[in-house]
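Student: Can you walk me through this one? I'd like to start with the ligand and then move on to charges.

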Amino acid sequence: MKCQVILNRHYRIGTVDERIYGGFIEHLGRAVYEGIYQPDHPCADEDGFRTDVLELVRELGTPLTRYPGGNFVSGYNWEDGVGPREKRPVRLDLAWKALEPNTFGTDEFMKWCRKAGTAPMMAVNLGTRGPADAQRLVEYCNFPGGTEQSEQRRANGSPEPYGVKLWCLGNEMDGIWQTGHCPAEEYGRRAHEAAKMMKWTDPSVELVVCGSSSDGMPTFGAWESAVLEETYDVADYLSIHKYFANPHDQTPGYLSMPEAMSEFITRTLAVCDAVGARKKSAKKIMLSFDEWNVWFHSHGEEKNSPEWTVARPLLEDIYTMEDALLVGMLMMTLLDHADRVKVACIAQSVNVIAPIMTDKTGRAWRQTIFYPFALTAKYGRGSVLRAVVDSPCYDAEFGAPATVRRNTSCLRTTSVYNEERGEVVIFAVNRDLAGEMEMEVLLEDFEPEQVIEQKELRHDDLKAVNSAASEPVAPVDRESATLSGGTLRVRLRPASWNMIRVKVR
Ligand code: AHR
């Protein structure tokens, strides 16, 4: 099969905001306890943080980390997690039917972020609590001193303010599973008042209002419209979430899901812009895709995990090769919307639907999805190019009952021009499960000089997984890419994820 891509340095979608490579740590399962924080582990440092996990988080390259939830945040009293540990209460976490010991809280998270090389993105509880509590948390984190909350932070060991820039106004408030779920207008009012008080406390903060927790929600569209009607002037971003699954083993259809993600983004933006137009506003609301990933392998396993215990294992999906292909393409989709998607968080970072896993008594290891994430986060920097792609397409059934998804391009590709490094980086997946693909990339206008490197992620078995014992799904170097007369030619093996870096003038 032959495919052609035309790239031109003048045709650009937008500049990549590095915050689209965000991660997420929720008080859920073994993400915090036994994940990033485990004082009794041989790798723990003086703060109880697992250094093997810290290393992998740095390698994964998430410049932003959302915290502390997720569903957890909607019943959380942030005050429970600060101050002397012996005074912190053990609480019921109603969201995940677990015990929350509160031995890890805001101050520990800030310290962990510093060590992990990531910036905090905090969520406030607008489920069981309200604007005043949210305001006090901003004051605790960001106000320099001389007030009750800021002095408490100082007394708790942090003289300097944390300067947290990004704040989520609640989580998935459209979902009936959410503690404190309410109608859109009510949430919109609550979020508006919280936003005012938070920005009065620190005018530099940026705020994310809850959009839909998936485009499958019956309220999708109407929810965004009503929420933005109340919050358009105070919100900077609208949050959306989406998880992908292949429970009926329909791989070709599953691999067409990046297009579904793109549709979700486009439709959401249409609603945002409609509200903006109604308000005759010059402002554009940007998107924060702050939960996305594959999530289905662990469905039903919660019954094996004892309720009301600390760090009960939950959502421990083990990812396959085909999940890695999908994650690589979902990242391309985020890049393709670089003009409007400014923040995104893979959900989550460690142990819970995560690229990084830990053994309680053993090592931390990389899931299959770790690799396309880490390589895209490292090299997907600069301007996303508006490519012209010519590729054969396929139709595939997906879902139960199955519907046919039509015209999925066999080649999924996105390219980024990094002017600073003088390179064009091409990400490409051959979605054909059986045939090799010859990809031709016309780069004349870039005056390409040499192929810097070519990485491939592939395994003969699409269901292959990694484990604590071995990582058979890992990228390898390839040398099939050639340059001649401004054209790059690469052979892409069936069902492979590829990254080709080309030095340009
Ligand atoms: O990431 C797991 C959960 O998925 C989050 O807590 C929630 O926001 C979403 O439903």
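Student: What should I know about the model before we start?

Tutor: This is a predicted model: local features need pLDDT of at least 70, side-chain atom pairs count only at pLDDT 80 or more, and totals for chains, interfaces and linings use all residues. Numbering starts from 1 along each chain as its sequence is written, and side-chain values use heavy atoms, with hydrogens and water left out.

Student: Which residues come nearest to the ligand?

Tutor: Glu26, Asn71, Glu172, Tyr243 and Glu291, out of 13 residues around the ligand. A residue is near if one of its heavy atoms lies within 4 Å.

Student: How does that shell divide into nonpolar, polar and charged?

Tutor: It has 6 nonpolar, 4 polar and 3 charged residues. Ala, Val, Leu, Ile, Met, Phe, Trp, Tyr, Cys and Pro count as nonpolar, Asp, Glu, Lys and Arg as charged, and the others, Gly among them, as polar.

Student: What about glutamate 172: how far is its side chain from a ligand oxygen?

Tutor: An N or O atom of that side chain is 2.7 Å from an oxygen atom of the ligand. The protein covers 96% of the 280 Å² of accessible area that the ligand has on its own (Shrake-Rupley method, 1.4 Å probe).

Student: And asparagine 71, backbone or side chain?

Tutor: Backbone: one of its N or O atoms there lies 2.9 Å from a ligand oxygen. For asparagine 171, a side-chain N or O atom is 3.0 Å from an oxygen of the ligand.

Student: Switching topic. How many salt bridges are found?

Tutor: The whole structure has 51. Each is a side-chain nitrogen of Lys or Arg within 4 Å of a carboxyl oxygen of Asp or Glu.

Student: Which partner does aspartate 336 have?

Tutor: Arginine 412, with the closest N and O atoms 2.9 Å apart. Aspartate 336 is in helix 9 and arginine 412 in strand 19 (residues 411-418), so the pair ties together parts 76 residues apart in sequence. Helices (H or I, at least four residues) and strands (E, at least two) are DSSP runs, numbered from the N terminus.

Student: Is arginine 412 buried or exposed?

Tutor: Buried, because its relative accessibility is 9%. The cut-offs are under 20% for buried and over 50% for exposed, with partly exposed in between (1.4 Å probe, protein chains only). Aspartate 336 is partly exposed at 24%.

Student: And where does tryptophan 308 lie?

Tutor: In the loop between strand 11 (286-294) and helix 9 (321-336). Tryptophan 308 counts as partly exposed, at 32% relative accessibility.

Definitions and conventions:
Polar contact = N/O pair within 3.5 Å; in protein donor to acceptor, adjacent residues only side chain to side chain.
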